[in-house]
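Please look over the sequence and the structure shown here before reading on.

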Amino acid sequence: MMDKQKAPTGFWVVGILALVWNTMGLAAYFQQFMMSPEAFAALRPEQQNLLLNQPVWLTSAFAVAVFAGFVGSILLLARKRLAVRMFLLSMIAVFIQFGGLLLFLGYADVLTGSEWIMPILIPIFAVGFYLFARKAEKQSILA
C-alpha cells in the first residue's frame, strides 16, 4: 500500500464543498419524497404530472446519485480511495437520472428560467468531484 501524501488546503476546501453539496442533494431527495400534500398542490400542474409519472428506475437513479455522492464526500474527507468509485457511481446515476428526465419525460418542457440552474450544475459538479477524487488518488492523497 502506498503512503498517503500530505493533503493540500485546496483538497480540504473541495472535500468540504463536496460534503455540503451532496448533503443538499440528500435534502432535495428527502424533500421530494416527503413532500406534504400542501407543498405538492402548490406545484405547477406539469411539475405534479412529472413527479406522479416518474418511473421507478429514475427514482432509483436519483437515490443512488445522492447517496453515493454523500458517501463519496465522507470517504474523500477520510482520504479513502473508495471515494473515487463512489463519485463515479454518483456521476453515472446523475447522467441516467437527467438523461431520463430530459429524453423520456419532457423535463425540459417543464423548466422555466432559473429552474435550469440545477440541471446544469448537478452534472458539472458530479463530473468535477469524480475527476478531483481520481486526481487525488493518482497523487497518493487517497489511500
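In which segment does S140 lie? S140 lies in the segment after α7.

The model is a predicted one, in which local features need pLDDT of at least 70 and side-chain atom pairs count only at pLDDT 80 or more, while totals for chains, interfaces and linings use all residues. Residues are numbered from 1 along each chain as its sequence is written, and side-chain values use heavy atoms, with hydrogens and water left out.

**Overall architecture**

The protein chain has 7 helices and 0 strands, and its pattern along the sequence reads α-α-α-α-α-α-α. Helices (H or I, at least four residues) and strands (E, at least two) are DSSP runs, numbered from the N terminus. The C-alpha trace spans about 55 × 25 × 25 Å along its principal axes. Of the 143 residues, 36% are buried; buried means under 20% relative accessible area, exposed over 50% and partly exposed in between, with a 1.4 Å probe and protein chains only. Contact means heavy atoms within 4.5 Å. Among contacts between residues at least 6 apart in sequence, 79% join residues at least 24 apart.

**Nonpolar cores**

A nonpolar core is a set of buried Ala, Val, Leu, Ile, Met, Phe, Trp, Tyr and Cys residues joined through side-chain atoms within 4.5 Å. The largest such core has 28 residues, and those with the most contacts inside it are F11, L76, F87, L101, Y107 and L142. Two or more of its residues come from each of α1 (9-33), α4 (56-77), α5 (82-103) and α7 (117-138), with α5 giving the most, 9 residues. Beyond its neighbours within four places in sequence, F11 is in contact with L76, R79, F132, A136, I141 and L142. Another core, of 5 residues, lies apart from the largest one and includes Y29, F62, A63 and V66.

**Buried polar and charged residues**

| Residue | Location | Relative accessibility |
|---|---|---|
| R79 | loop between α4 and α5 | 14% |
| E137 | helix α7 | 13% |
| S140 | segment after α7 | 11% |

R79 has a positive phi of about 60° although it is not a glycine. Phi of S140 is likewise positive, near 60°, in a residue other than glycine. E137 counts as buried because its relative accessibility is 13%. Its side chain makes polar contacts with the side chain of R81 at 2.9 Å and with that of R85 at 2.8 Å. A polar contact is a pair of N or O atoms within 3.5 Å; within protein, one must be able to donate a hydrogen and the other to accept it, and residues adjacent in sequence count only if both atoms are side-chain atoms. Not counting residues up to four places away in sequence, E137 touches R81, V84, R85 and L142.

**The largest pocket**

A pocket is an open set of points on a 1 Å grid over the protein atoms alone, with protein on both sides within 12 Å along at least five of seven lines; lining residues have an atom within 4 Å of a point. The largest pocket holds about 990 Å³ of space. Of the 36 residues that line it, the closest to its centre are A28, Q32, F62, Y107 and I122. At least two lining residues come from each of α1, α3 (45-52), α4, α5, α6 (107-110) and α7. The lining divides into 25 nonpolar, 10 polar and 1 charged residues; Ala, Val, Leu, Ile, Met, Phe, Trp, Tyr, Cys and Pro count as nonpolar, Asp, Glu, Lys and Arg as charged, and the others, Gly among them, as polar.

Key:
1 Å grid on protein atoms, 1.4 Å probe; cavity = no way out; pocket = protein on both sides within 12 Å on 5 of 7 lines; lining within 4 Å. Points joined across faces, edges and corners; volume = space filled by probe spheres on them.
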